[in-house]
Amino acid sequence: MSELISEKIGLDNIRIVLVETSHTGNMGSTARAMKTMGLTNLYLVNPLVKPDSQAIALAAGASDIIGNATIVDTLDQALEGCRLVVGTSARSRTLQWPMLEPRECGVKMCQESSQAPVALVFGRERVGLTNDELQKCHYHVAIPANPDYSSLNLAMAVQILAYEIRVAWLDQQESNKPQAVVVEDDVYPLAEDLERFYQHLESVLLNIGFIRAAHPGQVMNKLRRLINRARPESQELNILRGILSAIDNPDTRNRQK
């Protein structure tokens with residue numbers, strides 16, 4: 001299904017997701033960083049402490065964002081309904097992932113937020129996101145800080161990337177053209193649909209003996225990287241699910257011959 005949409009892109013479809021934040025002050029400072037750049041949707045995944053008076057104080061006028069924050073138990077819940085997920089990460093990962101520069105990240109999030117919610121995910125203050133969490137992201141983004149002193153606190157990182165989103169959004173407004181553009185509203189699968197595909201794929205690979213239950217990780221990690229890099233569209237993902245279903249059900253496959 002297609003629909004005409006304006007080229008003007010809103011910011012209300014962009015989620016800032018904080019995973020297992022341990023300091024309420026960081027929640028407040030993040031809310032302030034968001035509001036200065038026009039972002040309003042804050043998601044807190046299993047926060048180790050709930051927002052309190054310190055969060056409100058450090059929000060400095062952005063207490064509405066704290067008050068309206070969505071608190072969920074899992075990252076999957078925070079990503080529900082999103083068609084683009086970008087995770088913050090350092091570049092020195094054993095398993096390389098498609099990377100975006102901060103400016104590219106801002107542009108891509110603004111472009112895709114016109115079609116569906118998108119999410120920018122930040123990890124724990126000390127250790128960031130786990131590899132499993134990073135594998136739920138289509139892209140990673142790294143802030144090219146001074147290699148001799150690259151220590152950015154959580155709110156600083158949010159501020160930098162929120163600023164890039166703001167710059168990209170303002171550029172869109174300045175180049176706002178009168179004509180509408182046609183956008184497919186279901187081009188890319190939702191995050192939860194992609195996760196169901198990965199679960200189906202792992203199940204089939206286990207059943208046919210391609211991977212071992214004791215050591216599925218490395219193969220599945222590389223397959224996730226391959227498929228996320230390819231960024232399959234919804235119809236393409238349905239084809240892949242159909243292939244997996246045919247492997248699961250050989251009787252159905254034989255009847256089609």
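This report walks through a pocket, some aromatic rings and one glutamate in a predicted model.

## The largest pocket

The largest pocket has a volume of about 650 Å³. Its lining is made up of 25 residues, and those closest to the pocket's centre are Thr88, Ser89, Ala90, Leu152 and Ala157.

What kinds of residues make up the lining of the largest pocket? There are 13 nonpolar residues, along with seven polar and five charged ones. Helix α7, which covers residues 154-174, supplies the largest share of the lining, at three residues.

## Rings and a charge

Search the whole structure for aromatic pairs and you get one. The partners are Phe197 and Tyr198, with 5.6 Å from centre to centre and 55° between the planes, a tilted arrangement.

## A buried glutamate

Glu133 belongs to helix α6, which runs over residues 131-134. Its relative accessibility is 12%, and because buried means under 20%, Glu133 counts as buried.

Which residues does Glu133 touch, leaving aside those up to four places away in sequence? They are Val19, Leu75 and Arg124. So if you have the structure open, this charged residue can be found in helix α6, buried at 12% relative accessibility.

Methods: Residues are numbered from 1 along each chain as its sequence is written. This is a predicted model: local features need pLDDT of at least 70, side-chain atom pairs count only at pLDDT 80 or more; totals for chains, interfaces and linings use all residues. Side-chain values use heavy atoms; hydrogens and water are left out. On a 1 Å grid over the protein atoms alone, a cavity is a set of points where a 1.4 Å probe fits but cannot get out, and a pocket is an open set with protein on both sides within 12 Å along at least five of seven lines; lining residues have an atom within 4 Å of a point. Grid points are joined across faces, edges and corners, and a volume is the space filled by probe spheres set on the points. Helices (H or I, at least four residues) and strands (E, at least two) are DSSP runs, numbered from the N terminus. Rings of Phe, Tyr and Trp (its six-membered ring) pair if their centres lie within 6.5 Å; planes under 30 degrees apart count as stacked, over 60 as edge-to-face and the rest as tilted. Buried means under 20% relative accessible area, exposed over 50%, partly exposed in between (1.4 Å probe, protein chains only). Contact means heavy atoms within 4.5 Å.
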